[in-house]
Amino acid sequence: MNVLLLSPGYPAEMPEFARGLAEVGASVIGVGDQPAERLPERTRRALAAYLRVHSLFDEQRSVAELRAALGGRRIDRVESLWEPLMLLAARLREALGVPGLGVAATVPFRDKEAMKQTLDAAGIRTPRHVAAGSVAACWDAAERIGFPVILKPIAGAGSADTWRCDDADELRGVLPRIAHVPVVSVEEFVDGEEYTFDTVTIDGAVQYYNVAWYRPRPLIARSNEWISPQVIALREPDAAELAGGVAMGFAVLRALGFETGFTHMEWYRKADGEVVFGEIGARPPGAHQVDQMNYACDFDVFREWGRAVTAHRFEARIERRYNVATVYKRAQGQGTIRAIAGLEELYRRHGAAIVWNNLLPIGAPRRNWRQTLVSDGFVLVRHPDLATTLAIADEIGTRVQLYAR
Ligand SMILES: Nc1ncnc2c1ncn2[C@@H]1O[C@H](COP(=O)(O)OP(=O)(O)OP(=O)(O)O)[C@@H](O)[C@H]1O
Ligand SMILES: [Mg+2]
(Lines give C-alpha, C1' and ligand atoms only; values in the text may rest on other atoms or scores of the structure.)
(Ligands and ions follow the chains in the order given, each with its own letter.)
Protein backbone atom coordinates (compact mmCIF):
# COMPACT_ATOMS: atom_id res chain seq x y z
CA MET A 1 0.00 0.00 0.00
CA ASN A 2 1.39 3.38 -0.98
CA VAL A 3 -0.06 6.12 1.21
CA LEU A 4 0.51 9.83 0.66
CA LEU A 5 0.50 11.50 4.07
CA LEU A 6 0.20 15.27 3.95
CA SER A 7 2.25 17.30 6.42
CA PRO A 8 3.71 14.27 8.24
CA GLY A 9 5.68 16.42 10.69
CA TYR A 10 3.14 18.99 11.84
CA PRO A 11 0.99 19.34 13.98
CA ALA A 12 2.55 17.52 16.93
CA GLU A 13 0.54 14.29 16.55
CA MET A 14 1.50 13.70 12.92
CA PRO A 15 4.67 11.70 13.64
CA GLU A 16 2.47 9.26 15.58
CA PHE A 17 0.03 8.90 12.69
CA ALA A 18 2.98 8.35 10.32
CA ARG A 19 4.26 5.68 12.68
CA GLY A 20 0.81 4.09 12.87
CA LEU A 21 0.68 3.75 9.10
CA ALA A 22 4.19 2.33 8.88
CA GLU A 23 3.51 -0.21 11.63
CA VAL A 24 0.63 -1.75 9.73
CA GLY A 25 2.88 -2.20 6.73
CA ALA A 26 2.07 0.82 4.57
CA SER A 27 4.73 2.49 2.51
CA VAL A 28 4.31 6.05 3.78
CA ILE A 29 5.17 8.84 1.38
CA GLY A 30 5.28 12.12 3.24
CA VAL A 31 4.27 15.32 1.47
CA GLY A 32 5.29 18.66 2.91
CA ASP A 33 6.83 22.01 2.20
CA GLN A 34 9.58 21.93 4.79
CA PRO A 35 13.04 20.48 4.05
CA ALA A 36 13.30 16.76 4.85
CA GLU A 37 16.07 17.47 7.40
CA ARG A 38 13.63 19.48 9.47
CA LEU A 39 11.10 16.69 9.86
CA PRO A 40 10.87 15.27 13.37
CA GLU A 41 13.05 12.20 13.85
CA ARG A 42 10.01 9.96 14.48
CA THR A 43 8.46 11.07 11.21
CA ARG A 44 11.66 10.37 9.28
CA ARG A 45 11.81 6.87 10.71
CA ALA A 46 8.25 6.17 9.51
CA LEU A 47 8.59 7.53 5.98
CA ALA A 48 9.53 5.44 2.93
CA ALA A 49 9.93 8.65 0.94
CA TYR A 50 9.36 12.38 1.22
CA LEU A 51 8.13 14.65 -1.54
CA ARG A 52 8.68 18.33 -1.02
CA VAL A 53 6.29 20.81 -2.61
CA HIS A 54 6.68 24.55 -2.87
CA SER A 55 3.76 25.32 -0.54
CA LEU A 56 1.04 23.05 0.82
CA PHE A 57 -1.26 26.06 0.73
CA ASP A 58 -0.95 26.44 -3.04
CA GLU A 59 -3.29 23.59 -3.95
CA GLN A 60 -3.08 23.76 -7.73
CA ARG A 61 0.69 23.94 -7.78
CA SER A 62 1.02 21.14 -5.20
CA VAL A 63 -1.19 18.83 -7.26
CA ALA A 64 0.90 19.51 -10.37
CA GLU A 65 4.20 19.09 -8.54
CA LEU A 66 3.11 15.82 -6.96
CA ARG A 67 1.73 14.41 -10.17
CA ALA A 68 5.09 15.07 -11.80
CA ALA A 69 7.10 13.75 -8.85
CA LEU A 70 5.10 10.53 -8.69
CA GLY A 71 5.49 9.89 -12.40
CA GLY A 72 2.70 7.32 -12.64
CA ARG A 73 3.59 5.50 -9.42
CA ARG A 74 0.40 3.97 -7.95
CA ILE A 75 -1.00 5.65 -4.86
CA ASP A 76 -3.62 3.78 -2.82
CA ARG A 77 -4.62 6.39 -0.23
CA VAL A 78 -4.18 10.09 0.36
CA GLU A 79 -4.42 11.01 4.03
CA SER A 80 -4.49 14.33 5.81
CA LEU A 81 -5.28 14.79 9.48
CA TRP A 82 -4.89 18.56 9.60
CA GLU A 83 -7.87 20.82 8.93
CA PRO A 84 -6.28 23.32 6.50
CA LEU A 85 -5.18 20.50 4.17
CA MET A 86 -8.44 18.58 3.87
CA LEU A 87 -9.28 20.10 0.49
CA LEU A 88 -5.79 19.55 -0.89
CA ALA A 89 -6.15 15.88 0.05
CA ALA A 90 -9.50 15.74 -1.76
CA ARG A 91 -8.07 17.37 -4.89
CA LEU A 92 -5.16 14.95 -4.89
CA ARG A 93 -7.51 11.97 -4.64
CA GLU A 94 -9.40 13.23 -7.65
CA ALA A 95 -6.24 14.03 -9.62
CA LEU A 96 -4.60 10.68 -8.87
CA GLY A 97 -7.76 8.55 -9.05
CA VAL A 98 -7.54 7.46 -5.41
CA PRO A 99 -10.63 6.36 -3.44
CA GLY A 100 -11.83 8.38 -0.46
CA LEU A 101 -13.59 11.73 -0.04
CA GLY A 102 -13.43 13.96 -3.10
CA VAL A 103 -13.86 17.73 -3.20
CA ALA A 104 -17.68 17.77 -3.19
CA ALA A 105 -17.82 15.39 -0.22
CA THR A 106 -15.15 17.36 1.67
CA VAL A 107 -16.70 20.82 1.33
CA PRO A 108 -19.45 20.21 3.94
CA PHE A 109 -16.70 19.33 6.43
CA ARG A 110 -14.85 22.58 5.71
CA ASP A 111 -17.56 25.14 5.02
CA LYS A 112 -19.65 25.70 8.13
CA GLU A 113 -22.66 26.91 6.16
CA ALA A 114 -22.64 23.99 3.71
CA MET A 115 -22.21 21.73 6.75
CA LYS A 116 -25.29 23.06 8.52
CA GLN A 117 -27.37 23.14 5.36
CA THR A 118 -26.62 19.49 4.66
CA LEU A 119 -27.46 18.55 8.24
CA ASP A 120 -30.63 20.67 8.28
CA ALA A 121 -31.80 18.75 5.22
CA ALA A 122 -31.21 15.52 7.16
CA GLY A 123 -33.33 16.78 10.07
CA ILE A 124 -30.43 17.34 12.48
CA ARG A 125 -30.78 20.16 15.01
CA THR A 126 -28.20 22.83 14.16
CA PRO A 127 -28.06 26.33 15.67
CA ARG A 128 -30.22 28.73 13.64
CA HIS A 129 -27.78 30.22 11.17
CA VAL A 130 -27.35 32.69 8.31
CA ALA A 131 -24.32 33.23 6.07
CA ALA A 132 -23.51 36.94 5.86
CA GLY A 133 -21.15 38.57 3.38
CA SER A 134 -21.47 42.18 4.47
CA VAL A 135 -21.96 44.33 7.55
CA ALA A 136 -25.58 44.95 6.56
CA ALA A 137 -26.17 41.23 6.17
CA CYS A 138 -24.74 40.61 9.68
CA TRP A 139 -27.17 43.13 11.19
CA ASP A 140 -30.00 41.57 9.26
CA ALA A 141 -29.03 38.07 10.38
CA ALA A 142 -28.72 39.10 14.04
CA GLU A 143 -32.15 40.65 13.90
CA ARG A 144 -33.69 37.55 12.39
CA ILE A 145 -31.95 35.15 14.77
CA GLY A 146 -32.18 37.28 17.90
CA PHE A 147 -29.44 38.05 20.46
CA PRO A 148 -27.24 36.58 21.76
CA VAL A 149 -25.57 35.52 18.52
CA ILE A 150 -22.25 33.97 17.54
CA LEU A 151 -20.25 35.24 14.59
CA LYS A 152 -17.54 33.08 13.05
CA PRO A 153 -15.78 32.52 9.73
CA ILE A 154 -17.38 29.80 7.61
CA ALA A 155 -13.99 28.04 7.41
CA GLY A 156 -12.61 28.61 10.90
CA ALA A 157 -10.50 26.53 13.23
CA GLY A 158 -8.97 27.04 16.61
CA SER A 159 -11.83 29.37 17.64
CA ALA A 160 -10.00 32.18 15.86
CA ASP A 161 -12.39 35.00 15.02
CA THR A 162 -15.34 33.44 16.83
CA TRP A 163 -17.28 36.09 18.72
CA ARG A 164 -20.29 36.13 21.00
CA CYS A 165 -22.49 39.24 20.88
CA ASP A 166 -25.15 39.70 23.51
CA ASP A 167 -26.66 42.86 22.08
CA ALA A 168 -26.44 45.44 19.30
CA ASP A 169 -23.65 47.35 21.06
CA GLU A 170 -21.48 44.28 21.20
CA LEU A 171 -22.21 43.48 17.56
CA ARG A 172 -21.20 47.02 16.61
CA GLY A 173 -17.91 46.47 18.46
CA VAL A 174 -17.18 43.10 16.85
CA LEU A 175 -17.99 43.90 13.21
CA PRO A 176 -14.79 45.91 12.57
CA ARG A 177 -12.72 43.12 14.12
CA ILE A 178 -13.99 40.54 11.63
CA ALA A 179 -13.91 42.88 8.63
CA HIS A 180 -11.15 40.70 7.11
CA VAL A 181 -13.41 37.62 7.05
CA PRO A 182 -15.20 37.45 3.68
CA VAL A 183 -18.21 35.40 4.80
CA VAL A 184 -19.25 34.91 8.39
CA SER A 185 -21.72 32.47 9.81
CA VAL A 186 -24.13 34.22 12.18
CA GLU A 187 -25.58 31.68 14.62
CA GLU A 188 -28.03 31.43 17.44
CA PHE A 189 -26.01 31.27 20.66
CA VAL A 190 -26.62 27.87 22.23
CA ASP A 191 -26.20 27.85 25.99
CA GLY A 192 -25.15 24.54 27.49
CA GLU A 193 -22.38 22.04 28.07
CA GLU A 194 -20.06 21.25 25.21
CA TYR A 195 -18.79 17.81 24.20
CA THR A 196 -16.97 16.04 21.41
CA PHE A 197 -17.94 12.92 19.52
CA ASP A 198 -14.82 11.49 17.91
CA THR A 199 -14.66 8.35 15.81
CA VAL A 200 -12.58 6.00 13.77
CA THR A 201 -14.90 4.93 10.98
CA ILE A 202 -14.54 2.39 8.16
CA ASP A 203 -16.74 2.66 5.07
CA GLY A 204 -19.26 4.66 7.06
CA ALA A 205 -19.37 2.19 9.97
CA VAL A 206 -18.17 3.59 13.30
CA GLN A 207 -15.55 1.26 14.83
CA TYR A 208 -14.60 3.32 17.87
CA TYR A 209 -15.98 6.47 19.44
CA ASN A 210 -14.90 8.82 22.17
CA VAL A 211 -16.88 11.50 23.98
CA ALA A 212 -14.91 14.26 25.66
CA TRP A 213 -16.27 17.05 27.83
CA TYR A 214 -14.89 20.59 27.62
CA ARG A 215 -14.57 22.36 30.99
CA PRO A 216 -15.31 25.19 30.52
CA ARG A 217 -16.69 25.76 27.01
CA PRO A 218 -13.89 26.50 24.49
CA LEU A 219 -15.00 30.05 23.77
CA ILE A 220 -14.78 30.91 27.47
CA ALA A 221 -11.45 29.11 27.86
CA ARG A 222 -9.91 30.93 24.96
CA SER A 223 -11.14 34.33 26.13
CA ASN A 224 -9.72 34.17 29.67
CA GLU A 225 -6.02 33.58 30.17
CA TRP A 226 -6.31 32.72 33.86
CA ILE A 227 -8.37 29.62 33.08
CA SER A 228 -6.69 26.20 32.88
CA PRO A 229 -8.92 24.54 30.25
CA GLN A 230 -9.78 20.89 30.76
CA VAL A 231 -10.75 18.24 28.24
CA ILE A 232 -12.11 15.08 29.83
CA ALA A 233 -12.33 11.83 27.84
CA LEU A 234 -15.31 10.15 29.46
CA ARG A 235 -15.15 6.53 30.51
CA GLU A 236 -18.88 6.12 29.96
CA PRO A 237 -19.80 7.66 26.63
CA ASP A 238 -22.96 5.54 26.72
CA ALA A 239 -24.31 7.29 29.82
CA ALA A 240 -27.94 8.36 29.45
CA GLU A 241 -27.19 12.10 29.40
CA LEU A 242 -24.84 11.65 26.44
CA ALA A 243 -27.08 9.36 24.39
CA GLY A 244 -28.64 12.20 22.38
CA GLY A 245 -25.24 13.51 21.33
CA VAL A 246 -23.92 10.08 20.40
CA ALA A 247 -27.02 9.33 18.34
CA MET A 248 -26.62 12.71 16.65
CA GLY A 249 -23.00 11.85 15.90
CA PHE A 250 -23.96 8.68 14.06
CA ALA A 251 -26.65 10.55 12.13
CA VAL A 252 -24.24 13.34 11.15
CA LEU A 253 -21.68 10.90 9.73
CA ARG A 254 -24.44 9.25 7.70
CA ALA A 255 -25.81 12.56 6.45
CA LEU A 256 -22.37 13.75 5.33
CA GLY A 257 -21.47 10.42 3.75
CA PHE A 258 -18.23 10.07 5.66
CA GLU A 259 -16.23 7.04 4.56
CA THR A 260 -13.02 6.01 6.33
CA GLY A 261 -10.76 7.66 8.88
CA PHE A 262 -10.88 9.85 11.97
CA THR A 263 -13.70 12.32 12.68
CA HIS A 264 -14.11 15.00 15.35
CA MET A 265 -17.54 16.48 16.09
CA GLU A 266 -18.52 19.06 18.70
CA TRP A 267 -22.04 19.27 20.14
CA TYR A 268 -23.95 21.07 22.86
CA ARG A 269 -26.37 19.85 25.50
CA LYS A 270 -28.71 22.51 26.79
CA ALA A 271 -29.97 22.63 30.38
CA ASP A 272 -33.34 21.28 29.23
CA GLY A 273 -31.58 18.26 27.67
CA GLU A 274 -31.91 19.35 24.07
CA VAL A 275 -28.91 18.36 21.96
CA VAL A 276 -27.58 20.74 19.29
CA PHE A 277 -24.93 20.16 16.63
CA GLY A 278 -21.79 22.32 16.80
CA GLU A 279 -19.35 21.41 14.05
CA ILE A 280 -17.49 18.45 12.57
CA GLY A 281 -14.10 17.84 10.98
CA ALA A 282 -13.06 14.88 8.82
CA ARG A 283 -9.97 14.58 10.98
CA PRO A 284 -9.03 13.88 14.60
CA PRO A 285 -9.12 16.49 17.37
CA GLY A 286 -5.85 18.26 18.15
CA ALA A 287 -4.17 19.33 21.39
CA HIS A 288 -3.15 15.71 22.15
CA GLN A 289 -6.72 14.53 22.52
CA VAL A 290 -5.84 11.45 20.47
CA ASP A 291 -3.14 10.60 23.02
CA GLN A 292 -5.86 11.06 25.61
CA MET A 293 -7.90 8.33 23.91
CA ASN A 294 -4.90 6.01 24.17
CA TYR A 295 -4.62 6.66 27.90
CA ALA A 296 -8.35 6.02 28.32
CA CYS A 297 -8.28 2.63 26.62
CA ASP A 298 -4.64 1.52 26.82
CA PHE A 299 -4.60 0.89 23.10
CA ASP A 300 -2.81 2.48 20.17
CA VAL A 301 -5.41 4.35 18.16
CA PHE A 302 -2.73 5.87 15.90
CA ARG A 303 -1.96 2.36 14.67
CA GLU A 304 -5.64 1.35 14.50
CA TRP A 305 -6.34 4.42 12.38
CA GLY A 306 -3.51 3.30 10.09
CA ARG A 307 -5.05 -0.16 9.90
CA ALA A 308 -8.49 1.30 9.24
CA VAL A 309 -7.38 3.39 6.27
CA THR A 310 -5.09 0.75 4.74
CA ALA A 311 -6.72 -2.60 5.57
CA HIS A 312 -10.25 -1.51 6.52
CA ARG A 313 -9.96 -3.22 9.88
CA PHE A 314 -9.92 -1.98 13.49
CA GLU A 315 -8.37 -4.68 15.65
CA ALA A 316 -7.76 -3.22 19.11
CA ARG A 317 -10.16 -4.24 21.86
CA ILE A 318 -12.05 -1.22 23.13
CA GLU A 319 -12.09 -1.28 26.88
CA ARG A 320 -12.56 2.10 28.49
CA ARG A 321 -10.87 1.76 31.83
CA TYR A 322 -10.40 5.39 32.77
CA ASN A 323 -11.69 8.90 32.59
CA VAL A 324 -8.77 10.97 31.36
CA ALA A 325 -8.38 14.67 32.04
CA THR A 326 -5.99 16.91 30.18
CA VAL A 327 -5.43 20.17 32.01
CA TYR A 328 -3.76 22.85 29.90
CA LYS A 329 -1.78 25.51 31.78
CA ARG A 330 -0.98 29.13 31.08
CA ALA A 331 1.87 30.74 32.97
CA GLN A 332 1.51 33.97 34.85
CA GLY A 333 3.74 36.71 33.48
CA GLN A 334 5.44 37.03 30.10
CA GLY A 335 8.62 35.71 28.58
CA THR A 336 10.41 32.66 29.93
CA ILE A 337 9.20 30.03 32.39
CA ARG A 338 11.10 30.67 35.64
CA ALA A 339 9.28 28.58 38.23
CA ILE A 340 6.63 25.89 38.57
CA ALA A 341 4.78 25.65 41.87
CA GLY A 342 2.63 22.86 43.24
CA LEU A 343 3.94 19.95 41.19
CA GLU A 344 5.64 18.10 44.02
CA GLU A 345 2.55 18.25 46.16
CA LEU A 346 0.46 17.10 43.22
CA TYR A 347 2.67 14.05 42.73
CA ARG A 348 2.64 13.34 46.45
CA ARG A 349 -1.14 13.41 46.56
CA HIS A 350 -2.03 11.88 43.18
CA GLY A 351 1.17 10.47 41.68
CA ALA A 352 -0.46 7.21 40.62
CA ALA A 353 -3.09 9.04 38.56
CA ILE A 354 -0.69 11.31 36.67
CA VAL A 355 0.31 9.74 33.37
CA TRP A 356 1.93 12.64 31.52
CA ASN A 357 3.54 15.86 32.63
CA ASN A 358 3.96 17.89 29.45
CA LEU A 359 4.48 21.30 31.11
CA LEU A 360 7.14 23.51 29.58
CA PRO A 361 10.41 23.19 31.48
CA ILE A 362 12.02 26.06 33.31
CA GLY A 363 13.94 28.15 30.79
CA ALA A 364 11.51 27.58 27.92
CA PRO A 365 9.79 30.55 26.29
CA ARG A 366 6.03 30.78 26.82
CA ARG A 367 3.73 29.78 23.97
CA ASN A 368 0.89 31.92 22.65
CA TRP A 369 -2.16 30.65 24.56
CA ARG A 370 -4.50 32.35 22.09
CA GLN A 371 -3.04 30.36 19.21
CA THR A 372 -2.69 26.97 20.84
CA LEU A 373 -4.92 25.25 23.36
CA VAL A 374 -1.81 23.38 24.49
CA SER A 375 -0.59 26.75 25.83
CA ASP A 376 2.37 26.27 28.20
CA GLY A 377 1.85 22.53 28.34
CA PHE A 378 -0.49 20.19 30.15
CA VAL A 379 -0.82 17.53 32.78
CA LEU A 380 -2.76 14.38 31.99
CA VAL A 381 -4.44 12.37 34.74
CA ARG A 382 -6.64 9.32 34.68
CA HIS A 383 -8.89 7.56 37.14
CA PRO A 384 -11.74 5.05 36.85
CA ASP A 385 -14.03 7.36 38.84
CA LEU A 386 -15.22 10.56 37.15
CA ALA A 387 -15.69 12.65 40.30
CA THR A 388 -12.14 11.81 41.41
CA THR A 389 -10.79 12.65 37.95
CA LEU A 390 -12.51 16.03 38.02
CA ALA A 391 -11.30 16.79 41.55
CA ILE A 392 -7.67 16.11 40.60
CA ALA A 393 -8.08 18.11 37.39
CA ASP A 394 -9.38 21.06 39.40
CA GLU A 395 -6.41 20.80 41.76
CA ILE A 396 -4.07 21.00 38.78
CA GLY A 397 -6.01 24.02 37.61
CA THR A 398 -5.78 25.88 40.88
CA ARG A 399 -2.68 24.62 42.69
CA VAL A 400 -0.17 24.04 39.90
CA GLN A 401 1.12 27.39 38.66
CA LEU A 402 3.77 28.34 36.14
CA TYR A 403 5.53 31.68 36.47
CA ALA A 404 7.23 33.52 33.64
CA ARG A 405 9.43 36.58 33.54
N1 LIG B 1 -23.82 28.72 18.05
C2 LIG B 1 -23.02 28.67 19.11
N3 LIG B 1 -23.55 28.74 20.36
C4 LIG B 1 -22.75 28.73 21.45
N5 LIG B 1 -21.41 28.66 21.41
C6 LIG B 1 -20.82 28.60 20.20
C7 LIG B 1 -21.59 28.60 19.00
N8 LIG B 1 -20.73 28.52 17.95
C9 LIG B 1 -19.49 28.49 18.48
N10 LIG B 1 -19.54 28.55 19.84
C11 LIG B 1 -18.40 28.54 20.76
O12 LIG B 1 -17.22 28.92 20.07
C13 LIG B 1 -16.32 27.84 20.01
C14 LIG B 1 -15.62 27.84 18.67
O15 LIG B 1 -16.56 27.65 17.64
P16 LIG B 1 -16.32 26.56 16.52
O17 LIG B 1 -15.98 25.27 17.15
O18 LIG B 1 -17.45 26.58 15.59
O19 LIG B 1 -15.06 27.22 15.80
P20 LIG B 1 -13.64 26.66 15.45
O21 LIG B 1 -12.88 27.87 15.02
O22 LIG B 1 -13.76 25.51 14.55
O23 LIG B 1 -13.04 26.19 16.81
P24 LIG B 1 -12.10 24.96 17.19
O25 LIG B 1 -11.16 24.69 16.09
O26 LIG B 1 -11.46 25.51 18.43
O27 LIG B 1 -13.02 23.84 17.48
C28 LIG B 1 -17.16 26.61 20.28
O29 LIG B 1 -16.41 25.56 20.82
C30 LIG B 1 -18.18 27.16 21.26
O31 LIG B 1 -17.63 27.23 22.58
MG1 LIG C 1 -14.77 23.92 17.36
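The dialogue below goes through a few features of one predicted model.

Q: How many helices and strands does the chain have?
A: Helices (H or I, at least four residues) and strands (E, at least two) are DSSP runs, numbered from the N terminus. Here there are 14 helices and 19 strands.

Q: What does the radius of gyration say about the chain?
A: The radius is taken over C-alpha atoms, and the globule rule is 2.2 Å times the number of residues to the power 0.38. For 405 residues a compact globule would have a radius near 22 Å, and the 21 Å of the chain agrees with that. Along the principal axes, the C-alpha atoms fill a box of roughly 55 × 55 × 45 Å.

Q: Which residues of helix 11 are buried?
A: Buried means under 20% relative accessible area, exposed over 50%, and partly exposed in between (1.4 Å probe, protein chains only). Over the chain, 55% of the 405 residues count as buried. Helix 11 (residues 289-297) is mostly covered, with eight of its nine residues buried: Q289, V290, D291, Q292, M293, N294, A296 and C297. After helix 11 comes D298, which has a positive phi, near 50°.

Q: Where do the buried residues of helix 13 lie around the axis?
A: The buried residues of helix 13 (residues 343-350) are L343, L346 and H350. They lie on the same side of helix 13, because their arc around the axis is only 60°, an arc being that of the directions from the helix axis to the C-beta atoms. E344 and R348, on the other side, are exposed.

Q: What covers the buried residues of helix 13?
A: Contact means heavy atoms within 4.5 Å. The cover includes strand 16 (337-341), strand 17 (354-357), strand 18 (378-383) and helix 14 (386-399).

Q: Is T196 buried or exposed, and what is T196 in contact with?
A: T196, in strand 9 (residues 193-202), is buried, with a relative accessible area of 0%. Leaving aside neighbours within four places in sequence, T196 is in contact with residues including H264, W267 and Q289. Q289 is also one of the buried residues of helix 11.

Note on methods
Residues are numbered from 1 along each chain as its sequence is written. Chains are lettered from A and ligands numbered from 1 in the order in which they are written. This is a predicted model: local features need pLDDT of at least 70, side-chain atom pairs count only at pLDDT 80 or more; totals for chains, interfaces and linings use all residues. Side-chain values use heavy atoms; hydrogens and water are left out.
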